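Please consider the model shown below. The paragraphs that follow treat its salt bridges, its nonpolar core, its helix packing and several individual residues in turn.

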Amino acid sequence: MQAAAFRVTGRVQGVWMRKYTREAALKNGAKGYVENMPDGSVAGWAMCDAEGLSHFEAFLHEGSPGARVETVEMEPMTDT
């Protein structure tokens, strides 16, 4: 299993981004969370196999139908 923290900026709040992100995570077998941040971004973390995480990251670059994604930051997380 692999895990990564993510942050998506752009027009990503008020366009169902959290809902679509959750659906993309479930479709790829990921567990985690997603939340709207005070700065207007959407952030969270996801954990799944490497292939699922790669597909999930691809979704983040696309976003929900109403989103306009500007940047996607993915930071690998490790167990301590």
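A salt bridge is here a side-chain nitrogen of Lys or Arg within 4 Å of a carboxyl oxygen of Asp or Glu. The model is a predicted one, in which local features need pLDDT of at least 70 and side-chain atom pairs count only at pLDDT 80 or more, whereas totals for chains, interfaces and linings use all residues. Residues are numbered from 1 along each chain as its sequence is written, and side-chain values use heavy atoms, with hydrogens and water left out.

Helices (H or I, at least four residues) and strands (E, at least two) are DSSP runs, numbered from the N terminus. For solvent exposure, buried means under 20% relative accessible area, exposed means over 50%, and partly exposed lies in between, with a 1.4 Å probe and protein chains only. Glu 23, at 37% relative accessibility, is partly exposed, and Lys 19, at 38%, is partly exposed as well.

Another salt bridge joins Arg 7 to Asp 39, with 3.5 Å between the closest N and O atoms. Arg 7 counts as partly exposed because its relative accessibility is 26%, while Asp 39 counts as exposed at 58%. A further salt bridge is formed by the side chains of Arg 68 and Glu 70, at 3.8 Å from N to O. Glu 70 is exposed, its relative accessible area being 54%.

Attention now turns to the interior. A nonpolar core is a set of buried Ala, Val, Leu, Ile, Met, Phe, Trp, Tyr and Cys residues joined through side-chain atoms within 4.5 Å. Which residues of the largest nonpolar core touch the most other members? Among its 18 residues, they are Val 8, Met 17, Phe 56 and Leu 60. At least two residues of this core come from each of strand 1, helix 1, strand 3 and helix 2 (50–62). Helix 2 contributes the most, with 4 residues. Contact means heavy atoms within 4.5 Å. Leaving out residues up to four places away in sequence, Val 8 touches Met 17, Ser 41, Val 42, Leu 60, Val 69, Thr 71 and Val 72.

The packing of the two helices follows. Axes are lines fitted to C-alpha atoms, for helices over the stretch in contact, and angles run from 0 to 180 degrees between N-to-C directions. The axes of helix 1 and helix 2 are 10 Å apart, at an angle of about 160 degrees. The two helices are therefore roughly antiparallel, a term for angles over 145 degrees. Residues Met 17, Tyr 20, Thr 21, Ala 24 and Ala 25 of helix 1 meet Phe 56, Phe 59 and Leu 60 of helix 2. Thr 21, in helix 1, counts as buried because its relative accessibility is 1%. With residues up to four places away in sequence set aside, Thr 21 touches Phe 6, Val 34, Phe 56, Phe 59 and Leu 60.

Some individual positions complete the account. Ala 30 is in the loop between helix 1 and strand 2 and, at 7% relative accessibility, is buried. The C-alpha atoms of Ala 30 and Cys 48 are 4.6 Å apart in space, although the residues are 18 apart in sequence. Apart from residues up to four places away in sequence, Ala 30 touches Ala 25, Ala 46, Met 47 and Cys 48. Met 47 lies in strand 3 and is partly exposed, at 30% relative accessibility. Beyond its neighbours within four places in sequence, the contacts of Met 47 are Met 1, Gln 2, Ala 3, Gly 29, Ala 30 and Lys 31. Finally, Trp 16 occupies the loop between strand 1 and helix 1. Trp 16 is exposed, with a relative accessibility of 61%, and its phi is near 65 degrees, a positive value in a residue other than glycine.

Definitions and conventions
Parallel < 35°, antiparallel > 145°, perpendicular 65-115°, else oblique.
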